[in-house]
Amino acid sequence: MFENMMDLVGKLQEIKDFLIIALNKTIKSATDKNEAILAEVAKQRLPFNF
């Protein structure tokens, strides 16, 4: 039984790592898009009050 618990802990760690990587990729993608929008707004010299 102890071995099964260790396997479970290992699987949970893998899931946690996967979720962290997925979240980081999503955050980076959103950040890149926001930066592109802000750069475009800055080029047009428009106010960006959002």
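Glu40 counts as partly exposed, at 38% relative accessibility. In this predicted model, Glu40 forms a salt bridge with Lys43, and the structure holds 2 salt bridges. The protein contains 1 helix and 0 strands, and 2% of its 50 residues count as buried.

**Salt bridge Glu40–Lys43**
- The closest N and O atoms of Glu40 and Lys43 are 3.7 Å apart, which falls within the 4 Å limit applied to salt bridges.
- Glu40 and Lys43 are 3 residues apart in helix H1, so about one helical turn separates them.
- Lys43 is exposed because its relative accessible area of 64% is over the 50% cut-off.
- Glu40, by contrast, has 38% relative accessibility and is therefore classed as partly exposed, a class that lies between 20% and 50%.

**Salt bridge Asp32–Lys28**
- Asp32 pairs with Lys28 in a salt bridge whose closest N and O atoms are 2.9 Å apart.
- Helix H1 spans residues 2–43, and within it Asp32 and Lys28 are 4 residues apart, so that about one helical turn lies between them.
- The relative accessibility of Asp32 is 37%, and this residue therefore counts as partly exposed.

**Nonpolar surface patch**
- Six named residues, Met5, Leu8, Leu12, Ile15, Phe18 and Leu19, form a nonpolar patch on the surface.
- Together, the residues of this patch have about 610 Å² of accessible area.
- Leu19, one of the patch residues, lies in helix H1.

**Overall fold and surface**
- The secondary structure consists of 1 helix, with 0 strands.
- Helix H1 covers residues 2–43 and contains both residues of the Glu40–Lys43 pair.
- Of the 50 residues in the protein, 2% are counted as buried, that is, under 20% relative accessible area.
- The protein exposes about 4,900 Å².

Methods
Residues are numbered from 1 along each chain as its sequence is written. This is a predicted model: local features need pLDDT of at least 70, side-chain atom pairs count only at pLDDT 80 or more; totals for chains, interfaces and linings use all residues. Side-chain values use heavy atoms; hydrogens and water are left out. A salt bridge is a side-chain nitrogen of Lys or Arg within 4 Å of a carboxyl oxygen of Asp or Glu. Helices (H or I, at least four residues) and strands (E, at least two) are DSSP runs, numbered from the N terminus. Buried means under 20% relative accessible area, exposed over 50%, partly exposed in between (1.4 Å probe, protein chains only). Patches are made of residues with over 30% relative accessible area and no salt bridge: like charges are joined within 9 Å, nonpolar side chains (Val, Leu, Ile, Met, Phe, Trp, Tyr) within 5 Å. Accessible areas come from the Shrake-Rupley method with a 1.4 Å probe; for residues, only the protein chains shown count as cover.
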